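Hi everyone, thanks for coming. I'd like to walk you through one model today, so please have a look at the screen.

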Amino acid sequence: MRGKQAPVREIEGDVKYNDKNVAKLINYLMEDGKKTVARGIVYDCFDIIKKETKQDPRHIFNKAMKRVAPLVEVRGKRIGGANYQVPFQVRGRRRFLLGCRWIIQAAKSKSGDSMASRLAREILDSAEGEGAAVKKREEVHKQAEANKAFAHFAK
């Protein structure tokens with residue numbers, strides 16, 4: 001690794017809820033620097049969640065993130081000419097990033113409705129322990145379980 005590692009910047013909470021996790025979701029959803037579009041999608045999504053559940057959408061979102069965020073993942077490691085899939089524990093920020101990424105990918109892969117309603121559906125499904133994002137987490141955990149024989153290579 002050359003030079004210094006980039007510093008971790010603290011981001012401010014979003015405009016409406018003043019919540020850092022919602023602000024991060026907006027940033028992960030944003031494409032081509034169009035933050036107002038991403039913000040509109042997330043706020044519309046939260047309005048849909050609030051209408052359907054009659055609860056604070058941030059609680060539903062946090063519940064979904066707990067269900068989706070992975071505890072372990074596998075990384076390739078080259079040892080003695082062979083590549084092994086070594087299971088590693090996932091740290092906090094990366095857990096949140098992967099959870100958001102999987103929810104957004106699952107929402108984008110669906111077709112039909114607006115992005116806000118697809119995202120709301122995926123968040124609600126994830127909070128219930130269903131949906132494509134939860135399935136992705138289960139796959140990653142299964143893969144880590146299958147390769148736990150190589151856990152001693154983790155440092």
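Before I name any helix, a quick word on labels: helices are DSSP runs of H or I with at least four residues, and they are numbered from the N terminus. With that in hand, find Leu124, which sits in helix α5. Please keep in mind that this is a predicted model.

Is Leu124 buried or exposed? Leu124 counts as buried because its relative accessible area is 9%, and the cut-off for buried is under 20%. Who touches it? Apart from neighbours within four places in sequence, Leu124 contacts Ile49, Glu52, Thr53 and Ile60. For a sense of distance, the C-alpha atoms of Leu124 and Tyr84 are 36 Å apart, with 40 residues separating them along the chain.

Now to the core. The largest nonpolar core has 35 residues, and those that touch the most other members are Leu29, Cys45, Phe46, Ile49, Phe61, Leu119 and Ile123. Helices α1, α2, α3, α4, α5 and α6 each give at least two residues to this core. Let's stop at Phe61: setting aside neighbours within four places in sequence, Phe61 is in contact with Asn21, Leu25, Phe46, Phe96, Cys100 and Ile123.

Next, the strands. β1, residues 72-79, and β2, residues 82-89, pair in the antiparallel sense over eight bridges. Together β1 and β2 make a hairpin with two residues between them, and Gly80 in that turn has a positive phi of about 60 degrees. If you want a pair to look for on screen, Arg78 stands opposite Asn83 in β2.

Last stop, the pockets. The largest pocket has a volume of about 310 Å³. Which element gives the largest share of its lining? That is α1, with four residues, while α1 and α4 each supply at least two. Among the lining residues are Lys20, Lys24, Tyr28, Arg93 and Arg94. By class, the lining of the largest pocket has six charged, four nonpolar and one polar residue.

The second largest pocket comes in at about 180 Å³. It is lined by Glu73, Arg75, Phe88, Gln89, Val90, Arg91, Arg94 and Lys155, and the elements giving two or more residues to that lining are β1 and β2. Five of the lining residues of the second largest pocket are charged, two are nonpolar and one is polar.

Methods: Residues are numbered from 1 along each chain as its sequence is written. This is a predicted model: local features need pLDDT of at least 70, side-chain atom pairs count only at pLDDT 80 or more; totals for chains, interfaces and linings use all residues. Side-chain values use heavy atoms; hydrogens and water are left out. Two strands pair if DSSP finds at least two bridges between them. On a 1 Å grid over the protein atoms alone, a cavity is a set of points where a 1.4 Å probe fits but cannot get out, and a pocket is an open set with protein on both sides within 12 Å along at least five of seven lines; lining residues have an atom within 4 Å of a point. Grid points are joined across faces, edges and corners, and a volume is the space filled by probe spheres set on the points. Ala, Val, Leu, Ile, Met, Phe, Trp, Tyr, Cys and Pro count as nonpolar, Asp, Glu, Lys and Arg as charged, and the others, Gly among them, as polar. A nonpolar core is a set of buried Ala, Val, Leu, Ile, Met, Phe, Trp, Tyr and Cys residues joined through side-chain atoms within 4.5 Å. Buried means under 20% relative accessible area, exposed over 50%, partly exposed in between (1.4 Å probe, protein chains only). Contact means heavy atoms within 4.5 Å.
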